[in-house]
Amino acid sequence: MSLRARAWHRSNTFVHAEFPAERLAAERQATVSICLPARNEARTIGPILEQLLPLRQLGVVDQVAVLDNSTDGTAEIARGLGAEVHDQEQLMPELGPVLGKGDAMWRALPVLNGELICFLDADSERLGPHFVCGLLGPLLLREEISLVKGFYRRPFRVGETVFPDGGGRVTELTARPLLNLFYPDLAGIEQPLAGELAARRELLERLPFVTGYGVDIALLLDAYREVGLDAIAQVDLEVRQNAHQPLRDLGPMAYSVLHAVALRLEREGRLRGPLPAGFISPGDAGAKPPAVEPVERPPIARLRAAA
């Protein structure tokens, strides 16, 4: 890492234990929303909400919302436990079908009422209240922080066998090399693709949202451009366990990350476009597009100003 990245890592890296729920409830001066985009997460949404909903009673958060796009009863489970549930397709329906997680996050901003917004993935198997407290802590207690990323160890599970490390293959083989090459100030980010993040609403409303898998690294790069390195922090959340994709499915995911980074390099004048829109694998008859086309939604604040 560069000297600046190393200095940032020392000063802006925290551990979740620094921010117990009781401390946040006593000291917070901002409203907080938790948001979980979910697609067919009936297996995990219940255990997650059972951990998170008590934070509302403790006074740590004000809103727990699930953005549902499921056919397996995820919404019914979430609603039955007391979470606020929004059908993704009913958020800005004039834009047509929701184009993946990033699109759902962007469309949810008008229905999330917190001054601070915490996004969490709904497929985690070991997600506890410390995820929320850790992510919110730097925002609630340090006014100069605008965006917080979570990081953790990623066990790799094959059948019934679990290896202590080895998850996060797209991070290690795509995202981390890209940051080291083109954004060395961000080389100290432990998990640039982490779906666990918290940010100030006013920042999120100034950023575009990539609709597909590239949303997390795009938000990181755009926040870095908008508010600078010192306004970004990261928090150690210990361990995250989730299902792993087959190796062949990682190509389109890595392509989405690369496309999001390349688009920003093009805007900065460091890469000449236009960028191709297809993803080709050996044996394909032709260009095979990624699962979610690389579309970007404009900043919500820009839409509001134009209205």
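This is a predicted model: local features need pLDDT of at least 70, side-chain atom pairs count only at pLDDT 80 or more; totals for chains, interfaces and linings use all residues.
Me: Why is helix H6 called oblique to helix H10?
Reply: Helix H6 (residues 101-108) and helix H10 (residues 215-227) pack at an angle of about 55°, with their axes 9 Å apart. Angles under 35 degrees count as roughly parallel and those from 65 to 115 as roughly perpendicular, so H6 is oblique to H10.

Me: Which residues of H6 and H10 meet, and how do they divide into nonpolar, polar and charged?
Reply: Lys-101, Gly-102 and Met-105 in H6 meet Val-215, Asp-216 and Leu-219 in H10. The residues of this contact comprise three nonpolar, one polar and two charged, with Gly counted as polar.

Me: What makes E1 and E4 stand at the edges of the sheet?
Reply: The open sheet of eight strands is ordered E1-E11-E6-E9-E5-E2-E3-E4, with mixed pairing. Strand E1 (13-15) and strand E4 (84-87) each have a single partner strand, so one side of each is left without a neighbour in the sheet. From one strand to the next, the twist averages 25°.

Me: How do you know that E1 pairs with E11?
Reply: Pairing requires at least two bridges, and three bridges join E1 to strand E11 (residues 232-239), the two running parallel. Phe-14 stands opposite Val-235 in E11.

Methods. Residues are numbered from 1 along each chain as its sequence is written. Side-chain values use heavy atoms; hydrogens and water are left out. Axes are lines fitted to C-alpha atoms, for helices over the stretch in contact, and angles run from 0 to 180 degrees between N-to-C directions. Helices (H or I, at least four residues) and strands (E, at least two) are DSSP runs, numbered from the N terminus. Angles under 35 degrees count as roughly parallel, over 145 as roughly antiparallel, 65 to 115 as roughly perpendicular and the rest as oblique. Contact means heavy atoms within 4.5 Å.
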